[in-house]
Amino acid sequence: MEKGGLNFAVRYPFSEDAKKAIADIQLTERIADLAVERIKKALAGEMRARAVLHESDKEEEIASFAAARMILGYLRNPFLTSRFAVNEAKIAHNWLDRNENDVEAVARSFGIETTDRKGRMLLRLPVYLRYSPRSVDYRITNRRLEDGMVDITSHEKKRLTEEAVRKHVERIPLVRDPPDVIKNAGEKLLESLPKTQEARGIGAVMKVEDHPPCVERLLESLRKHENLNHQARYYLATYFMAIGMKDETIMQAFSDAPDFNQKTTAYQVGQIRKKGYSVPSCATVMTYGLCCAVCRIGSPLNWHTLGKERKDVIKEQVAARTEERTA
Amino acid sequence: MSMTETDRAMMTKVFSSYYRQADLDVVAIGQREFGVGFSRKIESRHLSFMSPGELRNYLTSNTPFFVSHSISYYDYPGATPMEKKGWKGADLVFDLDLHSETKYGAFLLLGKVKADLARLVRDFIKGDFGCNDVTLNFSGNRGYHVHVRDKDFRVLGSEERRELVDYVMGNGLNYRDFFSETPAKPAKLLGPRQDEGGYRGRFANMTLKVLEEKPATIHRNLKQEKAREVFVKGIMEGNWSTSPFQKNGELIARLGPIAQALPVASVDTDAGVTQDLSKLIRVPNSIHGDTGLIAKTFDDIDSFEPLRDALLPSSQIIKIRFLEDVPELPLRGEATGPFKKDEEKELNLAVAGFYVLKGSATIVKR
């Protein structure tokens, strides 16, 4: 492989180039160790890529990504997998920022192909929907949208590519019976995790299980280590504050999110507290697309004024609807 | 359903004979899951049919009152549980549904929803989303279904579909964000132009239309042609500071009602249909068992009249007795009713069947 191609593969270890680069490489203990480091780095939210100086190290570096995926496919821990995917996507985004020439090729590999029309950058709507982050800035309602084409900026193109990388990396096939070197690495990784990890998170904080169905559903997503969008997090934070939870406890509740970042969360929670933002009304929750029941209470906080019987009826309706959907 | 055995047997016979010649061309029929019901929409699901002929045989011999197919395509549509079906994609389906306080109220409003249906299809689905493979059918009861089968939309997940529903419903639409002020003094108010797509373009277009038809609802001075011309020219160039308002904020506030009229309101009630990938939707051209009306496919929204065009084809006359008062309705192209409780009447089979299935009448034995 030519030199430029190998460097590209190091930057984007999920690419076809990367696959080709390591096609003939033997899985070694050293590679498995690097893979464990790679996953640990993701858990720490360490976004800087490892500096690889020697040519001979480059192939190992690429292989460590593939080995990390095997380890994750073996462990089947959704939390680890999500954190890994989020981090690898952010690393890729960093590389794209520093190598604008790469954007076209990486984006295209995920079907993100833009067309130029009089200085506007246009992307097909279905592709845009698949890879745009679920945040208010990316909602199509307030964008130029015409004949199936959405206007995006070059910065947004990189953000969409990051999301495509995250989704791609997150889809890890099960590895039922891996080579011993992977098994050992997986066990080593689990041992090195702080034991408190399990005791932390949503399960430990939310002993009381009496919240409006929409809140319950978001908590369930957190338990499953699924990412919540900005509005969902904002809603949960204001709700937690209103029912009297302390900042540290709220922080802990969010620590289950795959892209949890201590600093960012602390800042956001602090801001909400400082500005005194109140809990959104049910109507607002509905426009966020988070409402999942018919409580008729106006504000989610009024849930706590309902009688047990009424609550049970509402919960049953929600359950019935979910069941009908999955039946 | 308060039907007698005789009523049910009679209707079953009518349905069965309709299915013998009905157009049951479900797109990719072999990849769809089917669900059927005899007294409600779905009593059993996970059925599959390899061809329209197989489906026809089933419907003529078993004759359920309700038959639906999955919006999704599967490798193994008959497999259970859902995960084993092998999801391949799904049509994008929109359900426009009417609600009314009274039993027959919604039927009188079916015409009104057509305006929303036309806007949904022309402006949103074809215009903004750029879809081409779009078919329409009456739901057989209180609304309309839109099936979109463009290939690149089939792979969209549930959340992505939700984004499309939100768009159509205008959820999260904040027209104030369409405007921005330039830093220079005096500040210029930049806003949408009519040649922009989506809500921005539609907002500019609608404002221009109001300026032409009812300018005074925006500002008294706009009744004067000169003031209006200046403002219209400004909007065309995206410069909204040319309005007669002293403050830009006042203008923006006054335009609120225009923004409110842009989304399609009647999709609201059934956002779940679009979003829920395991949803079963009535088979086009099948009969809705609560009405005996055909979920008929049609091309031309303007000329389609469900209460005239979606009735079962029949020239047979039967006698029914009314169990309650029913209001006048335009059925089979003519004013029908009102009828009083206990009144006996000889009516066309399709019309009589409609009242029987609605539980308002019973067949009088000869």
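Let me start with a term: a helix crossing is left-handed if the near helix is turned anticlockwise from the far one by less than a right angle. Keep that in mind. What you see above is a predicted model.

Chain A first. Look at helix 4, residues 55-75, and helix 5, residues 78-98. These two helices of chain A pack at an angle of about 155 degrees. Their axes are 9 Å apart. Angles over 145 degrees count as roughly antiparallel, so helix 4 of chain A is roughly antiparallel to helix 5 of chain A. And the handedness? The crossing of helix 4 and helix 5 of chain A is left-handed.

Who meets whom? From helix 4 of chain A come Ala68(A), Leu72(A) and Leu75(A). They meet Leu80(A), Thr81(A) and Phe84(A) in helix 5 of chain A. By class, that contact has 5 nonpolar residues, 1 polar and no charged ones.

Now chain B. The domain assignment gives three entries. Domain 1 of chain B is 5-170 + 271-305. Domain 2 covers 175-260, and domain 3 covers 317-363. The C-alpha centres of domain 2 and domain 3 of chain B lie 53 Å apart.

Last, the contact between the chains. Chain B puts in 26 residues, and chain A puts in 22. On the side of chain B, the elements giving two or more residues are helix 4 (151-154), helix 5 (158-169) and helix 6 (198-213). Helix 5 of chain B gives the largest share, 6 residues. By class, the side of chain B that touches chain A has 7 nonpolar, 8 polar and 11 charged residues.

Methods. Residues are numbered from 1 along each chain as its sequence is written. Chains are lettered from A and ligands numbered from 1 in the order in which they are written. This is a predicted model: local features need pLDDT of at least 70, side-chain atom pairs count only at pLDDT 80 or more; totals for chains, interfaces and linings use all residues. Axes are lines fitted to C-alpha atoms, for helices over the stretch in contact, and angles run from 0 to 180 degrees between N-to-C directions. Helices (H or I, at least four residues) and strands (E, at least two) are DSSP runs, numbered from the N terminus. Angles under 35 degrees count as roughly parallel, over 145 as roughly antiparallel, 65 to 115 as roughly perpendicular and the rest as oblique. Two residues are in contact if their C-beta atoms, placed from the backbone, lie within 7 Å. Ala, Val, Leu, Ile, Met, Phe, Trp, Tyr, Cys and Pro count as nonpolar, Asp, Glu, Lys and Arg as charged, and the others, Gly among them, as polar. Domain bounds come from an automatic or database domain assignment.
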